[in-house]
Amino acid sequence: MSFRFSHQTEKEEVLLLEEELEDLLDLVIYNDDFNTFEFVIETLMKVCRHDLIQAEQCTMIIHNNGKCGVKRGTAEELQPMCEAILERGISAKIE
């Protein structure tokens with residue numbers, strides 16, 4: 001039997017985790033009257049690596065709510081995805 005000892009208390013570990021979560025941002029896609037459902041689904045699958053069901057669900061949320069956070073990550077992770085989505089003519093923003 002082996003034991004793992006940590007020099008951090010549980011409270012310190014929770015604070016570190018909260019700090020990491022605060023650094024995460026959302027890649028948000030906005031609804032428009034130009035792009036088809038199929039094109040948005042295809043974009044989410046290609047750019048964000050969503051599976052078909054996840055891409056379809058996000059697309060429905062975008063349609064019904066006007067926007068949807070489609071990916072969470074750091075600014076460095078999300079920036080290339082946001083640029084690729086914008087290049088396809090879909091409105092997107094990192095928030």
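## Salt bridges and a nonpolar core

Welcome! Let us start with aspartate 26, which counts as partly exposed at 23% relative accessibility. The model you are looking at is predicted, and a search of the whole structure turns up 2 salt bridges. Besides these pairs, this briefing visits the largest nonpolar core, a group of 18 residues.

**The pair Arg72 and Asp26**
- Aspartate 26 is joined by a salt bridge to arginine 72, with 2.9 Å between the closest N and O atoms.
- This pair connects distant parts of the chain, 46 residues apart: aspartate 26 belongs to strand β1 (residues 25–30) and arginine 72 to strand β2 (residues 67–73).
- Arginine 72 is exposed, because its relative accessible area of 57% is over the 50% cut-off.

**The pair Arg88 and Glu42**
- Arginine 88 forms a salt bridge with glutamate 42, and here the closest N and O atoms are 3.6 Å apart.
- Glutamate 42 sits in helix α2 (residues 37–47) and arginine 88 in the loop between α4 (75–87) and β3 (92–94), so the pair ties together parts 46 residues apart in sequence.
- Arginine 88 is partly exposed, at 23% relative accessibility, and glutamate 42 is also partly exposed, at 43%.

- Nonpolar side chains tend to be buried together in soluble globular proteins.
- In the largest nonpolar core here, the residues with the most contacts inside it are Leu27, Ile29, Leu44, Cys48, Val70 and Ile85.
- At least two residues of this core come from each of β1, α2, α3 (52–65), β2 and α4.
- Looking beyond its neighbours within four places in sequence, leucine 27 has contacts that include Cys48, Val70, Leu78, Met81, Ile85 and Ile94.

Key:
Residues numbered from 1 in each chain as written. Predicted model: local features only at pLDDT ≥ 70, side-chain atom pairs only at ≥ 80, totals over all residues. Heavy atoms only, no water. Salt bridge = Lys/Arg side-chain N within 4 Å of Asp/Glu carboxyl O. Helix = DSSP H or I, 4+ residues; strand = E, 2+ residues; numbered from the N terminus. Buried < 20%, exposed > 50% of the residue type's maximum accessible area, 1.4 Å probe, protein only. Core = buried A, V, L, I, M, F, W, Y, C linked by side-chain atoms within 4.5 Å. Contact = heavy atoms within 4.5 Å.
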